[in-house]
Amino acid sequence: MNPHISIPRQHGGTPSFGGTTPAGRSEGLRMPRFFKRLFKFPQMDFEMATWEMTSLLIAPKKVFRSIYYHVYTTHRPPSPTQKPSANSGPFQKQTKNTWHRPDPSFTYLLSFFMLLTGIAWGIAYTDTVGATVRLSLLFVFVHFLAVSLLVATAAFFLVGRLLGPGIAGFPGRRRRQGLFTQAGEGEQLEFGYCFDVAIRAFFPVWVWLYVMQFILWPLIARDNWVSMFFGNTLYLVALGYYTIICFLGYNALPFLHHTELLLSPCFVYAILWFASLFGFNIAKHVGPLLITGAG
């Protein structure tokens, strides 16, 4: 399945959730339609969420080429006293453009995977059923949702403030017209989109640090250089994936400038990984922190 990419119209209205403009960011945090659809399971596209998860591992750029969400709102027919217009008709359609895709299917699916992973970690490394339940809930609500909300909130204010439209930013070439924005269309960063990026960036972290680390733990927890190399590389790959997917998410927005700066942590990760090979087993010291709070 390869989702179709829609191009917004030039007369698009203001997004209904999470939009912020340089003139006033105080109106940006509104009640997301994402939360309004939390229990509307028939409207959720789990097939799309599965496609996104697969693509995040093999071709993450495709996800953010397809994440644009186009909303059509049907209005009532005009009243008899209303003057006819070029767009009037029995039913008028207004286009509202938003980068955020208010479909909680990805969040539900990854939460379910985190729950299963928590049960597996709990059975293997805790002593009681209660500790296993606590660890599973900790994985879902703290490791995944709370961390993603924290990252999204920080990105909403910092990325929008430092790299957003109308800001001089750093010297260099300004980005031109983007894939999704037409001339004259409003440019804004949405909190919902920041959350979309955060939860999708977390998926490779789940794969490498919650699944692969669990499977490889008997190997990477040993006191030898080969175990240390594989364990440290596991963390390098997970953090590298997280940073690159965040970069791709914000780089897809044509009104953000110098988004390549979001890749800077990768150089720090590489330096720390190389230094750790001289005697610090990251997995052996950090891995046990995953089950902290279960006891």
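Me: In what order do the elements of the protein chain run from the N terminus on?

Reply: The order is α-α-α-β-β-α-α-α-α-α-α, which comes to 9 helices and 2 strands. Helices (H or I, at least four residues) and strands (E, at least two) are DSSP runs, numbered from the N terminus. This is a predicted model, in which local features need pLDDT of at least 70 and side-chain atom pairs count only at pLDDT 80 or more, while totals for chains, interfaces and linings use all residues. Residues are numbered from 1 along each chain as its sequence is written, and side-chain values use heavy atoms, with hydrogens and water left out.

Me: Where is Asn 281 found?

Reply: Asn 281 lies in the loop between helix 8 (264–276) and helix 9 (282–286).

Me: Why does Asn 281 count as buried?

Reply: Buried means under 20% relative accessible area, exposed over 50%, and partly exposed in between (1.4 Å probe, protein chains only). Asn 281 has 7% relative accessibility, and therefore counts as buried. Of the 295 residues of the protein chain, 43% are buried.

Me: What does the side chain of Asn 281 reach at 3.2 Å?

Reply: It reaches the backbone nitrogen of Ala 283.

Me: Which residues is Asn 281 in contact with, leaving aside its neighbours within four places in sequence?

Reply: Contact means heavy atoms within 4.5 Å. On that basis, Asn 281 is in contact with Ile 220, Arg 222, Ser 227, Met 228 and Asn 232.

Notes: Polar contact = N/O pair within 3.5 Å; in protein donor to acceptor, adjacent residues only side chain to side chain.
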